[in-house]
Structure formats: structure tokens, C-alpha cells
Amino acid sequence: MKNIWILAAIQLCVASANASLEQTCMSFDPTEYLTNTTLRLHEYIRANTTISLPGMDASCSRSKQLIPTDVCRVALTVPTSNRSSFIMELFLPDEATWTGRLLGTGNGGIDGCIKYEDIAYSLNHGFAVTGTNNGHNGTGGKDFLGNSDVILDFSWRALHMAAEAGKTLVEAFYGKPHDQSYYLGCSGGGRQGIQAAGLFPEDYDGILVGAPALNFNYMSAWRARFFVLTGAANSSGFIDAATWEGLIHDEVLRQCDDLDGASDGILADPNLCVAVFRPEALLCGTMNATNCLTIHQVETVRQVFSPLYGVTGQLIYPPLAPGAEVDATDRLLSGSPFPYSVDWYRYAVYNDSSWDPASWTINDIAPADEINPGNARTWPSNLSPLRDAGTKLLIYHGGADQQITGFDTERWYNYLSTQMDATSEELDDFLRFFRVPGMGHCGDGIGAWQIGQNGAGANGTLYDAEHNVLAALVNWVEEGKAPEAVLGTKFNNDSAAEGVALTRWHCRYPLRSTYLGGDAALATSWTCR
């Protein structure tokens with residue numbers, strides 16, 4: 001009987017807390033604190049409710065989202081000029097479960113898709129969370145055409161203004177300011193995080209960035225080049241997905257898999273493979289007349305794994321990493337133009353909706369970077385203001401990233417080290433970069449890719465500083481304990497219910513994941529050197 005009374009009391013307290021949050025939510029008017037904004041949506045959401053997202057552009061591929069906790073949700077239209085604005089959403093948990101932390105989420109590509117899955121992931125760990133549509137709706141860039149203000153919103157303005165607005169509204173809602181502010185984003189969202197680090201070093205106390213789209217104009221040129229390099233899918237000599245997977249990838253592994261000492265299908269450091277890989281081994285000849293490549297196809301493979309150079313021979317962008325070629329057949333090697341590059345050139349660079357991606361040449365590289373629409377380049381040379389503000393920057397990048405080569409993040413890290421005249425040990429004080437062998441773009445892959453970088457990357461793993469990069473960042477900011485390495489997990493068929501397939505320590509750059517011997521699927525068989 002006593003237990004029944006205790007349970008009833010708990011249920012009454014929960015109901016009271018829910019009612020209190022609902023009352024607080026529905027009486028809260030964010031437009032009182034943010035002038036010139038328009039309230040779009042205002043609702044109280046109970047825990048474990050799946051909300052529909054009818055306002056999302058269909059290209060965002062997000063029609064609904066499970067919200068794990070009781071929250072107050074508000075959405076606002078925030079003007080940025082007389083011809084531009086962005087949509088901002090803020091999710092506020094109950095004060096009893098709120099950790100005092102505020103987190104901003106980024107977008108992807110050139111899109112204006114709010115990542116509600118990242119919002120839900122952050123809510124599950126006690127953050128109040130913001131997200132924006134980056135100043136336009138959908139994954140495309142048509143709204144950039146003839147409107148440089150929309151490009152500015154995409155590049156940096158929407159995220160920065162949302163960071164400031166989020167702090168104002170959090171203080172108004174809870175009656176006290178936030179304790180710490182964080183950011184989470186990957187790909188285009190990774191670029192946003194680095195851009196914020198360089199332009200607004202005090203917006204966040206901790207920034208978590210994955211696969212950042214750095215050197216954005218050059219990256220767009222690199223992506224545009226692939227369609228010209230491979231030819232259309234129906235062109236003569238085009239290398240189809242089956243050949244990349246069944247022939248070329250097998251040859252990459254034959255030549256490179258054991259360079260790290262472990263023949264496990266994962267390249268611990270793709271740099272080692274770039275230095276030795278010879279596609280000529282696949283050239284058709286008298287001894288190898290079938291299941292082989294023509295001279296033209298061999299040269300295509302060589303160029304895929306070679307850097308892009310400009311008209312004067314300057315390095316523009318590093319190559320696709322060996323090991324990423326199979327998944328790259330979905331976009332870079334698909335025989336169709338990379339959509340983000342097409343829209344960037346059409347609507348932001350040339351302001352010409354008729355620009356033909358098949359016409360791209362290396363002569364198109366310089367105009368994009370000279371115009372630098374919206375200052376989207378994102379290639380900072382000095383982060384000392386970020387360091388001096390005490391902000392911590394944690395970066396990860398997959399070794400088998402099929403959309404943004406991890407070599408570019410390495411290149412930027414080295415550039416930053418040189419420009420700041422700082423050793424790796426000195427950079428370690430505020431910036432740590434972790435390479436994740438076998439991880440694809442922001443997640444997935446054959447490596448131990450689950451490191452808590454998002455909801456999918458945390459599914460089935462522990463939320464602690466050892467297994468989870470978000471928890472590690474919080475620990476670094478609030479406890480002063482910087483992560484030395486990150487323990488990644490790979491589940492069988494990427495399902496926690498089917499058990500662990502492998503674990504691996506991921507090393508902070510420039511350290512390399514080094515095989516010690518024994519079972520390569522065990523983290524204890526690897527170290528950082």
C-alpha cells in the first residue's frame with residue numbers, strides 16, 4: 001500500500017510539473033523580448049510526442065519528429081534586412097530537467113532545413129535548443145538569385161542572430177540566463193560552426209563540428225569538377241557503381257588495407273594509400289582482358305584520387321580519400337552534377353540560372369573565390385580571439401567521407417597552426433581534431449563511427465566523455481578535462497540489438513591510430529601515436 005501512495009505522489013508531482021510548464025509556455029510571448037519579430041508557432045509538447053512538420057520543404061525529407069521530453073516550442077520569423085529574414089525555432093524543456101545549457105544546431109549543404117533530429121537529440125540531454133532555416137527553405141539555392149542578403153543569412157547571419165536571440169529568450173523564459181552555450185553541426189553545419197568560431201568567438205562556450213565544408217568556394221569547385229571528370233552516366237567509358245565497388249574498391253584494399261598492419265577493410269590513415277596507390281594495376285592487357293579498366297578509365301581513377309589544381313598550378317583542394325569511393329557513387333561519382341555546386345555557381349556566384357554545370361572548367365575556380373558570396377569561404381587563419389574567450393572547439397571527420405574529403409580538414413588544421421605560429425600542443429588548449437577511420441559523411445560506414453555526434457551516432461552508446469563527443473565537449477568546457485581520444489563503436493548491421501562489431505580509439509590530429517596487434521576489432525589493439 002505504501003508503494004502505491006509513493007507512486008501516486010510521484011505521478012501527481014509529474015502532472016503538476018507538466019501543468020506548470022504548459023502554463024508558463026502558453027503565457028510566454030517571445031515577441032515581447034525580440035522586437036520586429038513575428039510569432040509563427042507556439043505550443044506545449046508532451047514527452048514522446050511525434051510532431052508533424054507540414055511547413056518543411058519536401059526536399060528536406062523531414063515530415064515528422066519524435067520529441068523525447070516535455071517542452072515549450074516557439075517559432076519566429078526574424079527579419080535580417082528589408083528583403084530577407086529567417087525562421088527560428090526554440091525548444092525549452094521544463095526547468096527541473098533543464099541543465100542550464102543552450103545549444104544551437106546547424107544545417108547542411110546550402111540548405112535551409114532545420115535538423116529536428118539534432119534538436120531532439122540535444123533535448124534528450126537537457127539542453128534548450130535552437131534551430132533556423134538559414135534564411136531560406138529547402139535544400140536548393142534558388143533564393144540566392146539576385147539577393148545577396150539571403151546569401152549572408154546562409155553564410156553566417158542567421159546562426160549568429162539565433163545565438164543572440166536564443167540567449168535573450170532563455171533568460172526571459174526561465175528568469176535567469178543560461179550557464180553555457182554550445183553548438184552542434186556537421187557538413188554545411190560544420191562550416192557554420194567554424195565560421196562562428198572565426199567571426200563571433202563569444203557566441204558559444206563549446207563548438208562541436210563534423211566534416212566541415214571549409215574553403216567553401218574551392219570545395220564547390222572540387223565537387224563541380226567530378227561531373228566533368230567522370231562524364232555523364234550514359235557516356236562512353238563511364239565507370240558505374242558496380243565497377244567502383246566490385247573492382248576498384250577491391251584493388252584499393254588489395255594495395256592499401258594492410259599498410260596500417262591490420263587487414264580489416266578499414267584504412268586507418270588514407271594518406272598512406274594516396275602515396276602508393278597505382279590504378280594501372282587495373283589496366284586491361286593481354287593477361288587481363290576482362291574485369292579491367294581502359295586507359296581513359298585508369299586516368300579517371302587517378303584524377304579522382306588526386307588533388308585539384310588551379311590555372312597557375314596552385315593547390316585548390318585535396319583528393320577524395322581512398323576508401324570513400326563506394327559511397328561516393330551516390331553523388332560525386334554518380335555521373336550527374338553535384339546539386340549544391342550547381343546552385344552555388346548558378347545563384348550565388350554567377351547570378352545566372354542558366355549556367356550549365358557541364359561547362360565547368362578550372363577557369364571557374366577563381367571567380368567563385370574572388371566574389372566569395374556572403375563571405376562563405378570559411379578558412380580562418382587566426383582563432384586567437386576564440387582561444388582568449390575560453391571557447392573550446394572539437395572537430396571530427398570521417399576517413400571515408402564520400403562528400404567532403406577529410407584531407408581538407410587536415411590541411412586547414414596545418415594552415416591554422418602555421419598562421420598562428422602554434423604547435424599542436426598549443427592548439428590542443430582550445431581546439432582538438434579527431435579523425436575517424438572508416439566513417440562516411442557525418443556518420444555511417446564500416447568503421448567505429450558512432451561517437452555521439454548526433455542521435456544516430458549515439459544510439460546504443462553511452463552518453464559520457466569517453467564514448468560521446470558532445471558529452472566530451474561539455475566535460476571539457478565545464479570541468480576543464482580535454483578529450484585525449486574518442487572511443488567509437490560499430491554495431492553489427494548498425495543495430496545495437498545485434499551487438500558490438502568493433503570498437504576503436506580515435507586519435508586527435510596529428511596522432512595516428514596505430515595497430516598494436518591482436519584482434520583488430522578491439523579498441524585495446526590500437527593506440528594513438
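**Exercises: a cavity and a domain contact**

Helix 13 contributes the most to the lining of the largest cavity, with 3 residues. The model is predicted: local features need pLDDT of at least 70, side-chain atom pairs count only at pLDDT 80 or more, and totals for chains, interfaces and linings use all residues. Residues are numbered from 1 along each chain as its sequence is written, and side-chain values use heavy atoms, with hydrogens and water left out.

**Exercise 1.** Find which elements and residues line the largest cavity.

*Solution.*
Step 1. A cavity is a set of points on a 1 Å grid over the protein atoms alone where a 1.4 Å probe fits but cannot get out; lining residues have an atom within 4 Å of a point.
Step 2. The lining has 13 residues, and Pro270, Gly398, Gly399, Glu410 and Arg435 lie nearest the centre.
Step 3. Strand 12 (392–398), helix 13 (406–419) and strand 13 (431–436) each supply at least two lining residues. Helices (H or I, at least four residues) and strands (E, at least two) are DSSP runs, numbered from the N terminus.

**Exercise 2.** Describe the contact between domain 1 and domain 2.

*Solution.*
Step 1. Domain 1 covers 216–224 + 336–374 and domain 2 covers 239–334, with bounds from an automatic or database domain assignment.
Step 2. In contact (heavy atoms within 4.5 Å) are 12 residues of domain 1 and 12 residues of domain 2.
Step 3. Tyr218, Trp222 and Phe338 of domain 1 lose the most area to domain 2, together 49% of what that side buries. Buried area is the accessible area (1.4 Å probe) that two parts lose on being put together, summed over both.

Definitions and conventions: 1 Å grid on protein atoms, 1.4 Å probe; cavity = no way out; pocket = protein on both sides within 12 Å on 5 of 7 lines; lining within 4 Å.
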